[in-house]
Amino acid sequence: MKTQPYKQDTGNLAYKVGVTLDRFIKSKQADFPYATGELSQILRDIALASKIVSREISRAGLSDVTGAFGQTNVQGEEQQKLDVVANVRFTRALTKGGEVCAVVSEEEDLVIDLHNSKGKYVVAIDPLDGSSNVDVNVSIGTIFSIYRRLSPVGSPIQEKDVLQNGSGQVAAGYVLYGSSTMLVYTTGHGANGFTYERSLGEFFLSHPEMRMPEDGAIYTINEGLTPHINTNILSYLEACKRRGASARYIGSLVADFHRNLLKGGIYLYPATAQARQGKIRLMYEANALAFIAEQAGGAASDGRQRILDISPEGLHQRTPLFIGSKNMVKQLEEALGN
Ligand code: AHG
Ligand code: MN
Ligand code: MN
């Protein structure tokens, strides 16, 4: 039979859309410690929920999902309606497949037992990060960590399944609902970023093997905190300014982190006189971003130790967070005398 090679050269007529998230996850499945496809399914479920949340966010001003929900969460913070919507969307998506036995969420007081006792995985999630920015149309995000349970499959969930060090994460990621929606995730083999093509309903690989510059020229801190923080941090910030660094602060950790990941920089949320452990949540925010930062060649510290080495004592535990370009985080630790 006569055949011909597939002619790909069509000029600009049919530009390549590239690799879908689905295909990418499948192609990387063998990298997972236990290649049964369950972890891949969890990532796909999270991606699906994020598409729904992205849709809700993009029309937020037209539907009744802006503003406060009228309740405070366990951390005493006022819940926004979209916090509640996102929490439901992600939790529901993770309930379906049976791979996840428990979810811990910034928006829930206690561990949610999904009654999938055969599920091998635990997910920690900040369903909507930066929710104070929702009503003013500024970038927000979702952050997630996936752990393998430690107790035997089939038995009731135990505290140790949930309170694992960040170094126990088998995968982590975030979704940024920004000028475009992006999903970035790692399974411990580098970090890859995908951009959502809304009209096709698919994430496509757009940022393969992301690398964070080792040095950067951006510092990211809520400058209003500076009267209440360690003076060594102030000296570090002054040194950044003398070197010509710029201040950039969005107030959504995901968005601030993502910018610094691409451009190089450091994000600081230190302890303050009022909040001795800072503001950022270890289980829902710091651990996932620390895993991604390290996988992209960056670093994450609480000022004394690697974020991923902290042993959590409580679900809603907070931690000071210094995360970003490797050399900047190192200089900050040195400024603190560590
Ligand atoms: P969340 O919306 O999930 O509660 O998180 C808000 C966090 C984080 O995204 C951001 O970097 C930080 O709070 C901002 O805090 P300040 O308003 O104190 O600057
Ligand atoms: Mn958050
Ligand atoms: Mn949140």
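**Exercise 1. Which residue bridges the manganese ion (ligand 3) and the manganese ion (ligand 2), and how far apart do the ions lie?**

Solution. This is a predicted model.
- Step 1: List the protein donors of ligand 3. They are Glu106 (OE), Asp126 (OD) and Leu128 (O), lying 2.2 Å from the ion.
- Step 2: Aspartate 126 bridges ligand 3 and ligand 2. The two manganese ions lie 3.7 Å apart.

**Exercise 2. Classify aspartate 126 and leucine 128 as buried or exposed.**

Solution. 
- Step 1: Take the cut-off. Buried means under 20% relative accessible area.
- Step 2: Apply it to aspartate 126. Its relative accessibility is 0%, so it counts as buried.
- Step 3: Apply it to leucine 128. Its relative accessible area is 1%, so leucine 128 is buried.

**Exercise 3. Locate the residues that UniProt annotates as "binding site".**

Solution. 
- Step 1: Read the record. The unreviewed UniProt entry gives this annotation to Asp126, Asp129 and Glu285.
- Step 2: Compare sequence with space. The residues are spread over 160 residues of sequence, yet they cluster, with a largest C-alpha distance of 8.4 Å.
- Step 3: Assign the strand. Aspartate 126 sits in β5, residues 121–129. Aspartate 129 is in strand β5 too.

**Exercise 4. Describe the setting of aspartate 129.**

Solution. 
- Step 1: Check accessibility. At 4% relative accessible area, aspartate 129 is buried.
- Step 2: Find the side-chain partner. The side chain of aspartate 129 reaches the backbone nitrogen of leucine 253 at 3.0 Å.

Methods: Residues numbered from 1 in each chain as written. Chains lettered and ligands numbered in written order. Predicted model: local features only at pLDDT ≥ 70, side-chain atom pairs only at ≥ 80, totals over all residues. Heavy atoms only, no water. Donors = N, O, S within 2.8 Å, 3.2 Å for Na, K, Ca; no water. Buried < 20%, exposed > 50% of the residue type's maximum accessible area, 1.4 Å probe, protein only. UniProt positions renumbered as here; feature names shortened; annotations may be inferred. Helix = DSSP H or I, 4+ residues; strand = E, 2+ residues; numbered from the N terminus. Polar contact = N/O pair within 3.5 Å; in protein donor to acceptor, adjacent residues only side chain to side chain.
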